[in-house]
Amino acid sequence: MKLRKKIEEEFFKLLMRISTLLVVTVLGLILGSILFKGLPSLTWEMISQTPKGGFYFGKEGGVLNAIIGSLYLSLGATFLAMLIGLPVALFMNVFMRKYQKVVNVIRFFLDLLWGVPSIVYGAFGFAIMIFFGIKASLFAGIITVTLFIIPIMVRSIDEILKTIPIGLLESTYSLGSTKSEAAFKVVLKQCMPGVITAVLLSFGRAIGDAASVLFTTGYTDRIPTSLFQQTATLPLSIFFQLGSPIEEVKNRAYASAVILTVIILLISVLSRYLGRKYIKNKINF
Amino acid sequence: MMDNSQIEISNLQLSIGKQQILKDINISIPKNKITVILGPSGCGKTTLLKSLNRLTDLYSDVKVSGSIMIDGEDILNTKSDITLIRQKMGLLSQRPYPLPMNIYDNITYGLKIKGSHSKKELDEKVEHYLRQASLWDEVKTRLKDPASKLSIGQQQRLCLARGLAVDPEIILADEPTSALDPVSSQAIEEKFVELKEQYTIVMVTHILRQARRIADYVVFMYLGEVVEQGPAAEFFENPKMDRTKAYLKGLFN
Amino acid sequence: MLISRKLKDKINHKWMLLSLMVVIVLPFVLGIGLYLKSEMLLDKYSLWQLITSTEWKPWSGKFGFLPYIVSSLWVTLFALIIAVPGCILIAIYLTEYAKPWVLKIMHPIIDILSGIPSVIYGVWGILVIVPLISNYIAPFFGIQTSGYTILTGAIVLAVMIIPFMLNILIDILQTTPAELKEASLSLGATRWETIKFVVVRRAFPGIVSAIALGLSRAFGETIAVLMVVGNVAIIPKNPLQPGYPLPALIANNYGEMMSIPMYDSALMLAALILFIVVLIFNLIARLTIVKLEKSR
């Protein structure tokens, strides 16, 4: 009887170890296969030039249009989402601190929104475009992606702000602060590392998502010079190039995938670095 | 009611949700003395302290009635700006809550709210208040270091300096030495005795010996009510109520 | 001096309220907007007709959603079958058996995995999983396939939702009170029995809601699945056939939306169905978590 129990336990422990190892292996596999297939085709032209004449037939050019387009889009969307999201998170945790029931309802709503797939936002964005007569453009894309990342931004910042002990707020108020002074001068400073991580996380989601920009940004080979022009984005660039029958173009798709992956990894590293930089003023309660 | 009282609390009732925390509180707190609010845990003394600068506004579901007169103004029913009222009172909490900034900025935070902006003025005041809190010598060479680097005793003194910098008339202290080691605790107690000449001090504590050492006036609370209040000497030598006598028995054992 | 501080406070206050309004109104606007756009189609056919018919011929005015819904269900189901047992095992291992440094290393790994964009997962799917299926797994079952199948989509999807569910499961298991485990052990149970009968049982509602959240995430995932699933609108009879999940339907056809009457309504309806299904599962999952936290 005891032996059987022991065997069972060891069996499952083995399964557990294998599963965990598998997950780590898969990460390595993903990064590895992308780099393996993409690095050979990653030339300087790829990141410094826009597609020239025969690009889609295998000739010269690069994906600079997509890189810059994605950056414009994500920076714009992240900035807008911060403009709305940061005040909401601060409001929930400072101004409305005493109405915990209401705040929890808001959190619930936000969690529901977080789960909505990006393609729904994309379809919705498209519907808005038609309604207002906006054409496919950087602008339409920014609005759609902003809506998509607002729940992510608010809830991640909210999770950080939740941890502020009420004693800190009491001390700040007893010095004569108004609520917004407490929010922006004290709470924000205390949570700066976490807020930066949350913002960068949202930025990462914005730049990597394809479904929300599929309908809304159009596509172009040029770098957009105005908000109301269409723009290329990296995820779509990868997607379209991959669909080509020409080997050369497919390889460039893998190279573009490397570019996107590198950007995402850089964001991850950056958020850890910035987090450490701002942590010196944070008090450990 | 004495005529050198700074704070007059009349008929104060406070409840949170369905629970009544403070029942019929009537207290006079004398000017320029150390008033200690004593009592077992759960008796409402911290809530009483926090209602004096209306930090109780921050609690969910709170109902208050009665009046708290400070310098002739009823702060519970006033139309004045509450942030100004709060600046009249400095708060020292159970554990230090330094602001997430460097030492210098911790002190100037309140100063800037009050309107000082010139560097010369700020520098002078920072030194003045750090000296008052007996912290200057230890930090004068590293004013721009983050406050998080200080020891917990130093942090508490920093919070004291920070509170004094907004020029309050009253200092509210909520068990200010409970997180500190004996040496730092003693430093804070001695500091309070020095400061009472300029400020009115209201301190909550559950340490009878501490109260014995520094109190001028004592308020004894039990289950949300004031059981007995009076000058310290009378209170400790000649307690009138049975409950007080029972509580003080612990002191003499 | 004080006036400008008060003014700042008021402006901030108003801005925050405005932002809050935007956030609260968003889900309703989303749902209503999609519904309004689908009305045209819903006027012509009933919802039941639409989701049970199988013919998708927009130019003849026929919109049968069934194949797409079934594909979505298959892909999601298989993804869960692959991902859930593994996730639970890993979460138990990391929280109960592994040394602390293992969990420390796993955290950044899980974070990186969850940050990888779906198009990259799609590329990886094409590079690694498609050949795997067509060269090794399908022949094993005696089936000839290009590799672009429901199973391929399920595998890619499983890998995508694992980091997501893992974080939730780890959080839930870590909140098991030490006293509970100690009580079980002191009654003579082994480590493993404690885990089976006490820890997991207690965390069961949390596990269910993690699965529900994973399900809704899988159901709505678009690009990665689209790239590997074949995009053939049949009702798949086995996982080694290609499929055409609902999000892929929307993504692939948005170009023709405007040229064929009622096509845009159809795609908006698809988006609305997606929205509602995901919302329902999220609701169930979150409510379960709320109940769980209340009972503590």
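How many helices and strands does chain A have?

## Fold of chain A

This is a predicted model. Chain A has 11 helices and zero strands. Along the sequence the pattern reads α-α-α-α-α-α-α-α-α-α-α.

The C-alpha atoms of chain A fill a box of roughly 70 × 70 × 40 Å along the principal axes. Chain A has 285 residues, and 51% of them count as buried. Among contacts in chain A with a separation of 6 or more, 76% join residues 24 or more positions apart.

## Helix H3 of chain C

H3(C) covers residues 66-97. The helix has 32 residues and reaches 45 Å from its first C-alpha to its last. That is close to the 46 Å expected at 1.5 Å a residue.

H3(C) also has a kink of about 30° at Ala83(C). The kink lies shortly before the proline Pro85(C).

## H3 against H8 in chain C

H8(C) spans residues 191-220. H3(C) and H8(C) pack at an angle of about 140°, and their axes are 10 Å apart. The crossing is right-handed.

Which residues meet here? From H3(C) they include Ser72(C), Thr76(C), Ala79(C), Leu80(C) and Glu96(C). Ala83(C), where the kink lies, is also one of the H3(C) residues that meet H8(C). From H8(C) they include Ile195(C), Ile207(C), Ile211(C), Gly214(C) and Phe219(C). By class, the contact of H3(C) with H8(C) has 12 nonpolar, three polar and one charged residues.

## A closer look at Ala285(C)

Ala285(C) lies in helix H11 of chain C, residues 263-294. Is Ala285(C) buried or exposed? Ala285(C) counts as buried because it has 25 C-beta neighbours inside 10 Å, and the cut-off for buried is 20 or more.

Setting aside neighbours within four places in sequence, Ala285(C) is in contact with Ser209(C), Ala212(C) and Leu213(C). Gln49(C) is 236 residues from Ala285(C) along the chain. The C-alpha atoms of Gln49(C) and Ala285(C) are separated by 29 Å.

Terms used: Residues are numbered from 1 along each chain as its sequence is written. Chains are lettered from A and ligands numbered from 1 in the order in which they are written. This is a predicted model: local features need pLDDT of at least 70, side-chain atom pairs count only at pLDDT 80 or more; totals for chains, interfaces and linings use all residues. Helices (H or I, at least four residues) and strands (E, at least two) are DSSP runs, numbered from the N terminus. A residue is buried if 20 or more other C-beta atoms lie within 10 Å of its own, exposed if 12 or fewer, and partly exposed in between; C-beta atoms are placed from the backbone. Two residues are in contact if their C-beta atoms, placed from the backbone, lie within 7 Å. Axes are lines fitted to C-alpha atoms, for helices over the stretch in contact, and angles run from 0 to 180 degrees between N-to-C directions. A crossing is left-handed if the near helix is turned anticlockwise from the far one by less than a right angle, and right-handed if clockwise. Ala, Val, Leu, Ile, Met, Phe, Trp, Tyr, Cys and Pro count as nonpolar, Asp, Glu, Lys and Arg as charged, and the others, Gly among them, as polar. The expected span of a helix is 1.5 Å times one less than its number of residues. The bend at a residue is the angle between axes fitted to the seven residues ending there and the seven starting there.
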